[in-house]
Amino acid sequence: KVGVAACAVSLLLLGLIIVTKRWGIPFSRAPAPSFLRSSSVWEHPSQFPETPSPRISEWGVYTPHLKSPFTSSIVPPADGEISNAEGTRPHSPGSKGVIKEAAGIKFGRDIDRQAGATTPTVARSFVFANNKGGVGKSTLLFNLVTEYAWKHPEVNVLVVDLSLYADSSTLLLGGTRKEDGIQRGRLLLQRIPKKYCASGLISALLKFATEARLSKSWWPNRFWFKTQSFDFARHCIPLQDNVYLPHAPPNIFLSAGGPELREAISEKNWESACYALRKSMEAEICDPDLGYSPEDKAQGRYRQWAIFFDTDHEIHTPYATLALGSAERLLVPLSLDENDYDRLFVGDIALFPVLERLDNEGFLKAKIDRFVFNRVKSVNNEPFKDPKTGGRLTFHPAQLDLQEMKVIVKDLHSRYLAGMHKVFLDADMVGSSNQRFFQRYVTALRLAGSNAINLSKSKGIALTQLDSTASAHVGKSTLEPLRRNVQDLVEGLESSPS
């Protein structure tokens with residue numbers, strides 16, 4: 001009887017395999033909160049394109065770019081520079097393009113790793129979130145990601161804008177100054193083909209997660225993600241462009257946001273999209289187009305990615321929680337307003353209730369890495385260390401602002417001790433100490449003068465890249481402290497979790 005039962009079960013499974021592969025019927029699975037904790041993964045077939053995404057000035061024009069964004073970066077020539085004998089621009093139709101290395105930037109560095117260790121496709125990932133609008137999420141991301149890209153030329157830096165309003169995309173695409181009645185950044189945003197937007201990236205993730213599983217096997221295999229990785233470069237645009245954005249770092253890319261996100265992801269497909277994105281980020285990086293040798297693989301000569309996710313105030317939506325389920329670190333911009341702070345906890349759609357729900361269901365990956373108090377007034381530009389908490393800043397904050405910070409941090413620490421520690425990074429290392437809590441999780445960005453911040457947002461140039469000679473209204477004495485502050489925040493992003 002046992003043998004007959006075993007044969008029957010085998011025949012049933014065989015029939016299920018045949019039906020699934022022949023007619024494309026997906027293998028049914030009951031939705032369960034433990035899905036993301038499963039060890040099974042889906043395969044992603046090699047889809048590395050022959051060319052990376054076109055630059056902004058080349059949209060609508062076929063351009064034979066070079067292969068593989070992992071090993072090199074194409075840098076536009078300086079004004080008036082001719083790069084080949086025919087006298088054509090390196091990205092014009094019929095040109096083969098030119099590989100150049102920006103001054104002081106070396107691409108394709110070897111990634112140090114132990115023998116046998118894997119190199120994930122994404123080295124670092126961050127998400128900026130707060131259910132209160134107007135606290136500076138997009139502006140903070142814009143400044144930090146630009147400085148991060150300049151400081152880390154060895155990685156490709158990707159901004160995935162998961163906001164319906166696409167504020168960070170607008171800043172990265174040229175800023176808020178108006179041309180023909182519309183902001184320059186939004187004008188370029190309207191010209192981006194949908195496949196290079198965040199909605200296109202999500203759709204591509206869902207497509208390969210479904211089709212690859214059906215075409216290969218109904219039983220997921222961990223080996224697939226170890227040998228092939230999702231090509232993020234196929235669904236984003238390089239920002240540096242000699243015509244429109246010459247000031248952008250050569251290694252920064254954008255997957256733009258917009259209202260199309262509502263159509264790309266919903267409650268029904270969120271679980272699959274989150275799983276596919278997370279596993280694609282964790283997958284071992286490789287590039288089949290390179291024809292790499294065993295020595296290359298042993299030495300790890302592949303360019304990794306660092307991904308920054310932006311969200312809007314609707315943090316409970318599927319497109320916002322997708323970032324919370326995929327990124328490693330969460331940065332929470334805060335204002336010095338207790339009413340705004342209280343909104344983080346009020347209602348089911350506030351940030352901390354959403355974090356708690358995702359954590360209880362097993363979906364949460366992003367843990368709180370920093371609270372960044374935004375627009376803090378300063379007394380002077382001298383480095384500051386608080387004698388009670390040990391907190392350090394690159395500037396001396398005004399006394400009233402410092403007291404307000406301490407009031408908010410004290411309440412955060414009490415909630416942390418009451419059980420909220422499970423959504424914090426390095427909670428085991430911090431323990432119950434209020435001083436260690438302040439030192440590990442709290443930082444601030446000084447209040448920038450209206451002239452400096454307006455110039456930065458209008459031109460789409462980060463604060464660290466502004467030139468005091470570009471405007472008579474912004475002097476070096478104003479920009480230098482801001483640069484040091486932003487650079488200090490970026491250095492804080494590099495701390496390794498315990």
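In this predicted model, E361 and R357 lie 4 residues apart in helix 12 (residues 351-361), so about one helical turn separates them. Their side chains meet in a salt bridge, with an N to O distance of 3.9 Å. E361 is partly exposed, at a relative accessible area of 26%, and R357 is partly exposed as well, at 34%.

Another salt bridge joins R440 and D369, whose closest N and O atoms are 2.7 Å apart. This pair links distant parts of the chain, 71 residues apart: R440 belongs to helix 15 (residues 434-441) and D369 to strand 9 (residues 367-376). R440 is buried, with a relative accessible area of 9%, and D369 is buried at 0%. Both residues belong to a network of salt bridges that also includes E328, R329, R370 and D426.

K406 and D386 form a salt bridge too, with the closest N and O atoms 3.0 Å apart. K406 sits in helix 13 (residues 399-417), while D386 is 20 residues away in the loop between strand 11 (384-385) and strand 12 (392-393). Both K406 and D386 are buried. The whole structure holds 14 salt bridges.

The chain has 17 helices and 14 strands, and 53% of its 498 residues count as buried. Of the contacts with a separation of 6 or more, 76% are between residues 24 or more positions apart.

There are 5 cavities of 30 Å³ or more.

Note on methods
Residues numbered from 1 in each chain as written. Predicted model: local features only at pLDDT ≥ 70, side-chain atom pairs only at ≥ 80, totals over all residues. Heavy atoms only, no water. 1 Å grid on protein atoms, 1.4 Å probe; cavity = no way out; pocket = protein on both sides within 12 Å on 5 of 7 lines; lining within 4 Å. Points joined across faces, edges and corners; volume = space filled by probe spheres on them. Helix = DSSP H or I, 4+ residues; strand = E, 2+ residues; numbered from the N terminus. Buried < 20%, exposed > 50% of the residue type's maximum accessible area, 1.4 Å probe, protein only. Contact = heavy atoms within 4.5 Å. Salt bridge = Lys/Arg side-chain N within 4 Å of Asp/Glu carboxyl O.
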